[in-house]
Amino acid sequence: LLSKATNIYKLKHSQPSEQAFYDAGKKVVELSDIIIAVWNGKKAKGLGGTADIVAYAQQTSKKVLHINPITQVNSILV
């Protein structure tokens with residue numbers, strides 16, 4: 001799939017880490033017009049979890065479509 005990608009973004013991290021996951025999530029937000037978060041609404045278990053990325057998206061005024069698979073309630077967060 002990588003060979004078929006139009007754009008490839010590489011971050012400075014050489015190994016997986018919580019900071020690497022957080023930075024990758026932030027990059028996705030920065031490159032997106034809207035975020036679709038399939039998320040249970042709970043706090044992140046570690047840096048870079050869905051809650052952290054949703055919070056970052058909200059800080060940057062991105063629209064977030066929140067789909068909660070537990071409650072089956074969908075909402076738009078701004």
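Residues are numbered from 1 along each chain as its sequence is written, and side-chain values use heavy atoms, without hydrogens and water. In this predicted model, local features need pLDDT of at least 70 and side-chain atom pairs count only at pLDDT 80 or more, while totals for chains, interfaces and linings use all residues.

Helices (H or I, at least four residues) and strands (E, at least two) are DSSP runs, numbered from the N terminus. The C-alpha trace spans about 35 × 25 × 25 Å along its principal axes. Of the 78 residues, 26% are buried, meaning under 20% relative accessible area with a 1.4 Å probe and protein chains only.

What is the order of the strands in the open sheet? The three strands follow the order β1-β2-β3, with mixed pairing; two strands pair if DSSP finds at least two bridges between them. Because β1 (34–38) and β3 (74–77) stand at the edges with a single partner strand each, one side of each has no neighbour in the sheet. From one strand to the next, the twist averages 20°.

Strands β1 and β2 (residues 63–67) run parallel and are joined by five bridges; Val38 has Ile67 in β2 as its bridge partner. Helix α2 (residues 50–59) packs on this sheet and touches β1, β2 and β3, a contact being heavy atoms within 4.5 Å. The direction of α2 makes about 155° with that of β1, where axes are lines fitted to C-alpha atoms, for helices over the stretch in contact, and angles run from 0 to 180 degrees between N-to-C directions.

Terms used
Buried means under 20% relative accessible area, exposed over 50%, partly exposed in between (1.4 Å probe, protein chains only).
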